[in-house]
Amino acid sequence: MSKEGYKTLLEGADIQPGFREIAEKVIDQKRLTPEEGLYLFEKANLALLGSLANVVKERKHGKKAFFIRNFHIEPTNICIYNCKFCSYAHHKSGETWEFSMDEMLEKVNAAPEDMCELHITGGVHPKLDLGFFSTLLQKIRELRPGLHMKAYSAIELDYMFEEAGVSIEKGLKILKDSGLDSIPGGGAEIFDTEIREQICDDKAFGKKWLEVHEVAHGLGIGSNATILYGHIENYAHRIHHLETLRQLQDRTGGFNTFIPLKFKSANNEMSHLGEVNAIEDMRNYAVSRIYLDNFPHIKAYWPMIGKQMSQLSLSFGVDDLDGTINDSTQIYSLAGADDKNPIINTDGLVKLIKDAGCRPVGRDSWYREVRVY
Ligand code: V47
Ligand code: SF4
């Protein structure tokens, strides 16, 4: 919806006065305060909120909805940490795997030639070190010089660098020289220290996650950001998380996209909490799009919320559906993702996006357009 169309809608609508003021600020491209963000979470009418998020999205990207041809390698599910929400680590699933260097290189070799991006992330293995992971990048680079490597969450990096006795800067320079292009958004969870202590008390602090990303941005390594929502946090914790990211992005401009990750409740120590509903998911996408005015993209990760909900998210501020994935991730299938079979090809993604009334755009990892459909 255009800015003018939305203004007309507001004129005729019977809405809370608080919402009208906030909506006018958003339309005039003025930044929201944390209190205003909280108001949107707590009180805004969902339909008006979604349309407002779409005004912001269309200002940035028109009707475009992006996707990428990508695949994942999860080197191992052995993990020294014990996050209560996780269903994936070996001590949760009861199944252990650890791919050798050669097995991972075989996966790369087997990937179609036109793959754009490889996402590498997994458990924090006690023995796999900086040397192993930098060699892995070098060997992949030799095999596929054009493949973008988005690898290792800030949590994996923190452990790797601590064990190697190198600073974050030194460690990242080593990996960059080995071929690292960008860093995925995993491990952010929720920055509020009290909530973080209750759901993942033994892994790196939120402060450390932020430091790794800030140093990466300074070295020209772009990254993504995530939030894990829908568990024991409240709306104020979510706004605190968004505000912290918005401030870091003001300083560096290094984030590409924000990915809200909905807590999935199967097979983990927080199963008793259940899951939030679709209305909550859409509200979360919309507030994220409106509040993070300096983030270029908001991504819905379809293997987590399912293909149909991803379609709906395109009307609530989302402009990116991640990618073809190729059945290569287990993080969500083990946690009870709606899509038990995370497979979709390019034609499937294109149809899904068109059916939602958007224009599909195949992108590379820097959101350069590869093909408009
Ligand atoms: O940090 C683990 C989350 C993350 C559960 O950067 C769970 O493009 C919900 O960060 N319910 C790893 N979430 C995955 C990740 C990611 C995914 C897709 C794209 C990108 C990107 C990054 O998965 C973890 C944690 O927050 N997670 N268990 C669960 N039960
Ligand atoms: Fe390990 Fe990641 Fe699972 Fe935490 S979420 S236990 S760091 S695999």
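Biologist: Why is the crossing of α2 past α3 called left-handed?

Modeller: A crossing is left-handed if the near helix is turned anticlockwise from the far one by less than a right angle, and right-handed if clockwise. α2 passes α3 in the left-handed sense. This is a predicted model, in which local features need pLDDT of at least 70 and side-chain atom pairs pLDDT 80 or more, whereas totals for chains, interfaces and linings use all residues. Residues are numbered from 1 along each chain as its sequence is written, chains are lettered from A and ligands numbered from 1 in written order, and side-chain values use heavy atoms, without hydrogens and water.

Biologist: Why are α3 and α12 called oblique?

Modeller: The axes of α3 (residues 34-43) and α12 (residues 235-252) cross at roughly 135 degrees and come within 9 Å. That angle therefore puts them in the oblique class. α3 passes α12 in a right-handed crossing. P34, G37, L38, F41 and E42 in α3 meet Y235, A236, R238, I239 and E243 in α12.

Biologist: How do you know that α8 and α11 are roughly perpendicular?

Modeller: The axes of α8 (residues 154-164) and α11 (residues 206-218) cross at roughly 85 degrees, coming within 9 Å. The two helices are therefore roughly perpendicular to each other. A154, L157, D158 and E162 of α8 touch K208, W209, V212 and H213 of α11.

Biologist: What makes a residue part of the shell around ligand 2, and which residues are they?

Modeller: A residue is near a molecule if one of its heavy atoms lies within 4 Å of it. C79, Y81, C83, F85, C86, Y88, A89, G123 and K203 surround ligand 2. By class, the shell has 7 nonpolar, 1 polar and 1 charged. Ala, Val, Leu, Ile, Met, Phe, Trp, Tyr, Cys and Pro count as nonpolar, Asp, Glu, Lys and Arg as charged, and the others, Gly among them, as polar.

Biologist: How do you know where the domains lie?

Modeller: The bounds come from an automatic or database domain assignment, which gives domain 1 (3-60) and domain 2 (65-372). Their centres, taken over C-alpha atoms, are separated by 29 Å.

Conventions:
Axes fitted to C-alpha atoms, helices over the stretch in contact; angles between N-to-C directions. Helix = DSSP H or I, 4+ residues; strand = E, 2+ residues; numbered from the N terminus. Parallel < 35°, antiparallel > 145°, perpendicular 65-115°, else oblique. Contact = heavy atoms within 4.5 Å.
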